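Hi everyone, thanks for coming along. Let me put the model up on the screen, and then I'll talk you through it.

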Amino acid sequence: MILLDRVTKVYNRNNTALDRVSLHVEPKEFVIIIGKSGAGKSTLLKLLTREERQTSGKIVVGGVDYDKLKDRDIPLLRRKIGVVFQDFKLLQNKNVFENVAFALEIVGYGNKEIIHTVPRVLDIVGLKGKEKNMPMELSGGERQRVAIARAIVRQPKILIADEPTGNLDPKHAWDVIKVLEKINKYGTTVLLTTHNQEIVNKLRRRVIVISDGRVVSDKANAEYRH
Ligand code: ADP
């Protein structure tokens, strides 16, 4: 599903953000990516969403070779990959329902489909009954779950969660992680970056460690020690 073969990203001559990274993620896997600030995690995710292009190496996602990708194919690619960020990025002037519905409106879904789909997704993330709340009226954990609902409403094959618990207290953080696990159980590949050691150790999933742009460890059921 995701294949990186000796992928290098050089932003400028004296800064190699990723250095010959090779990895393979199977469909429906749950993978945690860890590494210090500046290690190259965000760069890796940006290459997958095609916000950045690799300097060399091969990237294939869902059978699509990124070297052969045309500009007009990028929106379709991005529909296959949902993304959530540390800072939620919700639209403050829209309520919960509207925030999720917006992701469907912009790609041309009709009202009927929206009314059918949004409540189902809000149910998955545990926000039934909060449809009319504004983001300001929600806890951080709830806001992140709105962001997750928005990211999965178009049924992406892959969900990228870039430090989704970075702004949350432990209880809310764990609620968010449980939602990611649920989505993964339904069949979506999840890539999670986190600095939270407790979450890594509780999850017991595959952990890829990136350091100075290289994969220095890649283990199943891994624990995380400093
Ligand atoms: P992480 O997400 O692990 O904190 P990043 O992928 O953001 O790491 O950064 C990896 C390296 O690439 C760092 O040295 C960072 O300064 C550099 N970098 C990231 N984005 C850019 C950019 N747009 N231009 C130049 N250098 C960048």
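I'll go through the domains, then the nonpolar cores, and then the ligand.

A quick word on the ground rules. This is a predicted model, where local features need pLDDT of at least 70, side-chain atom pairs count only at pLDDT 80 or more, and totals for chains, interfaces and linings use all residues. Residues are numbered from 1 along each chain as its sequence is written, and side-chain values use heavy atoms, with hydrogens and water left out.

Domains, then. The protein is divided into domain 1 (1–80 + 156–226) and domain 2 (91–155), with bounds that come from an automatic or database domain assignment. Their centres, taken over C-alpha atoms, are 24 Å apart. Across the boundary, 15 residues of domain 1 are in contact with 14 residues of domain 2, where contact means heavy atoms within 4.5 Å.

Now the cores. By nonpolar core I mean a set of buried Ala, Val, Leu, Ile, Met, Phe, Trp, Tyr and Cys residues joined through side-chain atoms within 4.5 Å; buried is under 20% relative accessible area, with a 1.4 Å probe and protein chains only. The largest one has 43 residues, and those touching the most other members include Ile 32, Leu 122 and Leu 203. Among the elements that each supply at least two residues of this core are β3 (30–34), α4 (111–124) and α6 (170–185). Helices here are DSSP runs of H or I, at least four residues, and strands are runs of E, at least two, numbered from the N terminus. The most comes from α6, with 7 residues. And where does this core lie? Domain 1 and domain 2 both give residues to this core, so it lies between them.

Take Leu 122: leaving aside residues up to four places away in sequence, it touches Val 96, Phe 97, Val 100, Leu 127, Lys 128, Glu 131 and Ala 149. Another core, of 26 residues, lies apart from the largest one and includes Val 7 and Val 61.

Finally, the ligand. Counting residues with a heavy atom within 4 Å, its surroundings include Tyr 11, Asn 15, Lys 36 and Lys 41. The largest share of that shell, 3 residues, comes from α1. As for polar contacts (pairs of N or O atoms within 3.5 Å), a backbone N or O atom of Gly 38 sits 2.6 Å from a ligand oxygen atom. For Gly 40, the backbone distance to a ligand oxygen atom is 2.9 Å, and a side-chain N or O atom of Ser 42 is 2.6 Å from one.

Technical notes: Buried < 20%, exposed > 50% of the residue type's maximum accessible area, 1.4 Å probe, protein only. Polar contact = N/O pair within 3.5 Å; in protein donor to acceptor, adjacent residues only side chain to side chain.
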